Amino acid sequence: MIWLGRLLAIAAKETRQLARDRVTFGMIIGVPILQMLLFGYAINFDVRDVDAVVLDQSRTAMSRQLVGDLQATQVIRVVRQADSERELREIMQSGAAKVGIIIVADLERRLFEGDRPAVQLLVDGSQPGLEDLAQGLGSMPVLRRAGAASLEIPRFDIRTEYNPARRTAVQIVPALVGTILTMTMVIFTSGAIVRERERGNLELLITTPVTRGQLLIGKLLPYVAIGLIQTTLILVVGGALFGVPMVGSLLDLYLGALVFIAAALALGLFISTIAQTQFQAFQMAFVTMLPSILLSGFMFPFEGMPEFAQVIAQVLPLTHFNEIIRGVVLRGATLGDMRIPLLKLVLFLVVMFALALARFRKRLD
Amino acid sequence: MTLAISARSLTRHFGAVIAVDGIDLDVPRAQIYGFLGPNGSGKSTTIRMLCGLLVPTRGTATVLGHSVPREAETVRRKLGYMTQRFSLWDDLTVTENLDFMCRIYSLDRATRRLRTEDRIRTYDLGSFAGRRAGTLSGGQRQRLALAAATLHDPELLLLDEPTSAVDPQNRRDFWESLFALVAHGTTILVSTHYMDEAERCHRLAILDRGRIAAEGEPKQLARDIDAIVIEIECADLTAVRRALAGVPAVRSMAQLGRRLHVLMRRDATDPEGELRALLAAHCAEASIERVGATLEDVFVAATRLRTEPTAAGARAA
């Protein structure tokens, strides 16, 4: 009872200070909303209206029809016409067009014979995400209306499960929960202890009967609440703005989030036992943040990563949480289905907190 | 007479720096014990070792009957510590800070209210009890810090330069509160670099470069000073100082307004005569008189004079 009393005293003090720190308080609400608008609207893997340059050496009704069809997909937008292959390459080199379309002079004959490609698509490989678009355009049945060649039946019937409209926001917003929590949780906690060390409060606190556990857990408790508030905020706004569904159980989601929040806080706590100043703490938090965002599968699939990056990704709590939250929110998975990433999260939490506790001494040396 | 603190050969290194160098310390209960010394003399390091914040490199310390740092947690329940820097929370009010510290010391709700009210009254914090600590003046903060350090009625108070940011009137009031605490049986260890504060202590240790240069009651220290104190009054003290500089029998000089205190070797046979002869050419009308040592003289004799043989030795080598 006494043990809990001190812990709650620290938690209450921390909450009171947080409530008085308007900038931090604003960030708790502001950062998730801002990030969500940024990521939700700006990141879009469905590429549209890519500037294209056309070199039409055929100049027939059919070639014009072909260009019209391509434009009608809204994937490309013809911005320039070139008169020679050299001009087309110059335009692409300047960046004025990302896609070049070369229609050969004997277009109609090649289409009838069907043994050689009639159209060449040049794609700017210096930009990410454009090759897929070329693949898509390339397999387009351009001849349907020309009525000339056989209608090919596609070999595979492709359906995108759990995100039938293939909207990027649906993939991004749930994963955004973990990304934003990583940012706020790690930065806030790593700063929370170091700030008291810098201001001299810690020297007084550690000369009282308060234990390390009371001090560390008491400091973390308010941030757990903040983390849950941020989670709710992201899911509610994500649902309202981007139509992100909530397929699984809310209880599973919040339990998963709770474990992840604790893991992120433990990481922040560990950082705070190493950093001497708030600036150092911030830098260290940042060092853990970038790999989290890049390697956790938030934007890029693991399958494309080299093995060592996959190993690093396995250590990051965000990787496992992204798996859990996408599973629960989009696929309707239960925590039981997600037990492996969940266990990995718990393991990270236990190890990190033990490390922080072992490093934190009620001493100055 | 039981001891509140007892330390033997207490030593602390920071890398190559020896901050505290084999201190022996005996602090009696229910007294004010002072650490007098310049910055860097090891006052804070010693206090921090006594409350378990730093582990001694060598030596032992017993605080309130418990070995430190081994039983530091037990000691911490009976100990009040006032850090050199204000270390309560700037963004909490006076009352909130006090209530928080009460809860840290696990006082129950009723006791918390009683103690907080009592300390606010005792240390005259009532007129700004609702203000945030960050907006208080130096004297107000220091009273708040003392109030917070005494909430759990500690047997021992460790005060690390408590008055360094406080004006003279507040310093006087502060010392009155310390005597009130001692009257109730509290032991106080206080570090300072103010002579007038050192003079108020029951006992005193003069610290110099990590060692205790002199120890005892202030009056006794003045009597036992290892020098003869001569006071010179003269219109042109600058000329006097110039004339006496480098004279072997003169160990140090300190100006106090229009008077000059000259510390001379104890073995000098006729120090007044010697000085009079030296000054005849510079200040014929000078009044030269042997006086009792002030604490300042004791401090100078204990700290600066120890430097000279070493410095000379270093030069010779």
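Which residue in β13(B) does A254(B) stand opposite? In this predicted model, for which local features need pLDDT of at least 70, side-chain atom pairs count only at pLDDT 80 or more, and totals for chains, interfaces and linings use all residues, the residue opposite A254(B) is H261(B). Residues are numbered from 1 along each chain as its sequence is written, while chains are lettered from A and ligands numbered from 1 in the order in which they are written.

The two strands concerned, β12(B) and β13(B) (residues 259–264), run antiparallel and are joined by 6 bridges; strands are DSSP runs of E of at least two residues, and helices runs of H or I of at least four, numbered from the N terminus. Both belong to an open sheet of 4 strands in chain B, ordered β12-β13-β11-β14 with antiparallel pairing, where two strands pair if DSSP finds at least two bridges between them. Its edges are formed by β12 (250–256) and β14 (287–290) of chain B, each of which pairs on one side only.

In chain A, helix α9 (residues 212–242) packs against helix α10 (residues 250–274) at an angle of about 135°, with the axes 9 Å apart; axes are lines fitted to C-alpha atoms, for helices over the stretch in contact, and angles run from 0 to 180 degrees between N-to-C directions. The helices α9(A) and α10(A) are therefore oblique to each other, a class left for angles that are not under 35 degrees (roughly parallel), over 145 (roughly antiparallel) or 65 to 115 (roughly perpendicular).
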